[in-house]
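Trainee: I would like to learn how to read accessibility and salt bridges here. Could you take me through them slowly?

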Amino acid sequence: MIWGIFKRDMCHATRNVIAVIVSMGLVVVPALYAWFNIAASWDPYGNTKALKVAVANNDKGYKSDLIPVRVNVGETIISTLHANDQLDWQFVKSDKAIDGVKSGEYYAAIVIPKGFSADMMTLFSPDIKHAQLKYYLNEKINPIAPHITDQGATTVVNTIDKTFAKTIAQVGLDLASSILHYSQSPQMAEYMRNLNGNLTTMANTLSGASQQVTSYSQLLGSANDIVDSTGKLLASATKAGKQAQNALKQGKSGATSFTSAGANVTSSVNTALDQVSGAFDQVAAKVNKAFDAIGKDSDTAASQLATLSEQVSSGESLYDTYITSLNHMRESVEQLPDSDSAKQALLEAIDREITLLEAAKGDSQKLAQQLKDASTQVTQDTAAAERSRKEILNRITSAKQSISNVRDDYATNVKPKIDALASTVSTLISQTDSMITQLSGTADGLDDVTGDVGTNVTSIRSTLGAIAKKLDSSAATVKELITKLETGGNAGDGNSDGGDGDNDADSGESDELRALATANASTLSTLISAPVALHRVSVYPIANYGSAMAPFYTILSIWVGAIILCAMLKVTISDREKAHVLGLGDTLPRIAGPSGPGNASRWGLRLDHEYFGRYAIFALLALLQGTLVCLGDTYFLGVQANHALQFLAVGWLAALVFSNIVYTLTVSFGDIGKAVAVVLLVMQVAGSGGTFPIETLPKFFQMLYPFLPFPHAIDAMYAAMAGSYGNEYLLDMVYLALFLIPSLLLGLVLRKPVIRLNNWVSRNLESTKVM
């Protein structure tokens, strides 16, 4: 029965030319639908160079006060975009760019503001500003164009970022290279030598300054002691002044004894000087004795000479005592009134006497030193010892003469002046009385001053100590800098000590710097501007965008083909066809009842025979549709198909499943079934995941996704094109085939109640005289 129905359908479909043309059209139209869509989307992103995007540069540039180099990032962008063919860049004024976007002449516009370069250079200042490009976009021209132009704008931003980073890096590397080359030049070597010399001088100066500050601190310490002593002296002076006033009352009575006292002083001086002169005679005798013993016992002679040196040195205190006495006398004389005629003459006589005493003291000191030197020479060189003996004896003679000069000068000049002074003592005592009274008041005021001075001196000494430490620290820092410069210079010359680990490390660092600076600056700056490169590894690669979209459009065209078949072919069998299949002539007997599905079942033509008999031609044409569209994809358009037979098998299975679903809906519900098929088409276009990932779709479509045939057919076709992960291909084919179960269940089992419902709907529609 099924074969009979299919055979008559084939005869009717090929009976005339029109029927053949229509049948061919039913097979070709779905393929054309798929091919046009695939070809149109073959490489859409490869043709973006025709999209017009305006670029306007208003950047005024930037010039640093520190580095007089003009920077204009806007000009760099324009130069870069001239070499970019991703979009059709139009370089115009800003007003025209904005107006062109509004009118639709340009899809988008990028405007570079005036302060763009200045804002970018704030990267090196504390107040950083984010440089911004103005991006104008016309979103009503095309739904996809904004996304493409967005990609172009992103490309511009990335280009700016990379260009800016590359420029900064290249400038830095060029500067480092120039510095390195300059550091190896003879001029730099000379500068380094001069610098080291200047730094050495500076370090020595700092050290000397520290020592001077330390000396000043010590001097202030001594001054502090003097201030303390002065305070004590002033305190005692106040007390002594009161005692002096009492003593002055007795001074007048003692003035008459001044002359006799002067005579006694003269006698004492003469006696002391005679003793010194006699002592020199004894020293001369002992010197001769010591030198005479050199040949016999040099050590004993040396010891004797050393002893004589100490004796002569100890005798110097006599000179000091006498000089001190004269100084005291001089101070007393200075207190006399200037009107006293004897004052100036006595002062001159005392000064001359002090000078002679200091000369005599100097001779004694030289004599003591020569004795000391001779004590060390007698054991070494006999000839030198003899010379020292003569020099010592001559020095003794000179010392005796100095003593004689002192005695004579005292008797000739000082003594007469002292006698003359006696006559003015009374006047001096009278004047001293009032002077002591004034001194007592002054001493009381100065007592407080000395205390404050002592406190201030202590504070100053503490400050000077801190300054000395700072100077020492600065000197150490400068010396350390000199060492580093010398080490760096040696490392730069490649002369490092093999045994010195620090020098080896410095040399290694210098070598690395030299290698970095001598490398290709452009290559290094490019690496710094884009340190991370994206290495794309395709898993199950697809050749192009057209191939990627082929499964969606192919499966969609097969469903459209099934709808076209049901729209053009009859899904029900007439009673005349049933009669011919049963061999009953041109009509069924009247007993068959009204025309409709299942009315010939009493003669053996069951409902399932009618279902499969008429579906056979639908299935044949659907297989031809699937075959043509899949072969055209592969061999006409060149769609990627790593497994061509599997690709074709998906088309066959999809054709059978889709045609059966649409056929069953049409058989069961008539024109309403066709409408349901169109609704299912719309739902699957949106929710199949053929264009956008299912995860990006609304929740409703994500829930509906597994219960639609499109996703499984598309996934199976992708697996045939690029490769399958495990049993992915077979599972998707099984899931697709499972949709035949509800379709056959509706067409075979639920057919009868549905038929009655469909007949009732049809009668009501026909009663409207419109539907």
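Mentor: Let us start with E310, which is exposed, with a relative accessible area of 57%; the terms are buried for under 20% relative accessible area, exposed for over 50%, and partly exposed in between, with a 1.4 Å probe and protein chains only. This is a predicted model, in which local features need pLDDT of at least 70 and side-chain atom pairs count only at pLDDT 80 or more, while totals for chains, interfaces and linings use all residues. Residues are numbered from 1 along each chain as its sequence is written, and side-chain values use heavy atoms, with hydrogens and water left out.

Trainee: In which helix does E310 lie?

Mentor: E310 belongs to helix α9, residues 298-314, where helices (H or I, at least four residues) and strands (E, at least two) are DSSP runs numbered from the N terminus.

Trainee: How many salt bridges does the structure hold?

Mentor: A salt bridge is a side-chain nitrogen of Lys or Arg within 4 Å of a carboxyl oxygen of Asp or Glu, and the structure holds four. One of them joins E577 and R8, at 2.7 Å from N to O; because E577 lies in helix α17 and R8 in helix α1, the pair ties together parts that are 569 residues apart in sequence.

Trainee: Is E577 buried or exposed?

Mentor: E577 is buried, at 12% relative accessible area, whereas R8, at 23%, is partly exposed.

Trainee: Which residue forms a salt bridge with D9?

Mentor: The partner of D9 is R614, with the closest N and O atoms 2.8 Å apart, and both D9 and R614 are buried.
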